[in-house]
Amino acid sequence: MHFKETDLPGIGRKYWLHTRSGEHLVIVIHNDERRDLFHMESGDVPGELGDMVSLVTLDDEEARAVAAIVGGITYKPKFQDEREVMLEGLLIEWLRIEPHSKSVGMTIGELDIRQATGAVILAVVEKNREKQFNPGPNYAFASGSTIVVAGERDQIRQLKRLLSDGRL
């Protein structure tokens, strides 16, 4: 995670956050207490801003409410524990394919995922929100896609390593 802040004379202050997923969040706090949140794609060069995906403008009260929600003040998730108890050891996880993952461009078959890890890929949600259920061995992983996987804890851990490093 990379974080920068900059004064904007006569306007306010700008905060720039480069997330681990390769996306960018730019927040401008105006002197009149408005907040602009810009969700930006990654550029062609690492660390470079791409196109704007979305913009949200909040007033002071809305910004404080969002900060409380995102900061976990109003709700602390306990999803992990409930999932394990409900499915008796079988985990279902949503994994994002990060831009730096060695699996980008590789297929399920090339990585031999089921044999190598024992985990199963149930579905893929592409960056453009297109869905594919039960993808076959010819499916090639793409940066920014989210995969829904099932397996035991150790199988999921191995799958994460395989997707990240391209090998176990």
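**A chat about a predicted chain**

Guide: From the N terminus on, the elements run β-β-β-β-β-α-α-β-α-α-β-β-β-α. Helices (H or I, at least four residues) and strands (E, at least two) are DSSP runs, numbered from the N terminus. This is a predicted model, where local features need pLDDT of at least 70, side-chain atom pairs count only at pLDDT 80 or more, and totals for chains, interfaces and linings use all residues. Residues are numbered from 1 along each chain as its sequence is written, and side-chain values use heavy atoms, with hydrogens and water left out.

Visitor: Hi! How many helices and strands does the chain have?

Guide: There are 5 helices and 9 strands.

Visitor: And what share of the residues counts as buried?

Guide: Of the 168 residues, 31% do. Buried means under 20% relative accessible area, exposed over 50%, and partly exposed in between (1.4 Å probe, protein chains only).

Visitor: Which residues of the largest nonpolar core touch the most other members?

Guide: That core has 17 residues, and the ones touching the most other members are Ile113, Ile121, Phe141, Ile147, Val149, Leu159 and Leu163. A nonpolar core is a set of buried Ala, Val, Leu, Ile, Met, Phe, Trp, Tyr and Cys residues joined through side-chain atoms within 4.5 Å.

Visitor: Which element gives the most to it?

Guide: Helix α5 does, with 4 residues.

Visitor: What does Leu163 touch?

Guide: Not counting residues up to four places away in sequence, Leu163 touches Leu95, Ile97, Ser101, Lys102, Ser103, Leu111, Ile113, Phe141 and Ile147. Contact here means heavy atoms within 4.5 Å.

Visitor: New topic: how many aromatic pairs are there?

Guide: The structure holds 2. In one of them, the rings of Tyr139 and Phe141 have centres 5.5 Å apart and planes at 90°, so the pair is edge-to-face. Rings of Phe, Tyr and Trp (its six-membered ring) pair if their centres lie within 6.5 Å; planes under 30 degrees apart count as stacked, over 60 as edge-to-face and the rest as tilted.

Visitor: Is Phe141 buried or exposed?

Guide: Phe141 counts as buried because its relative accessibility is 2%. Tyr139 is at 7%, so Tyr139 counts as buried too.

Visitor: What about Val70, buried or exposed?

Guide: Val70 counts as exposed, because its relative accessibility is 69%. Val70 lies in helix α1, residues 60–70.
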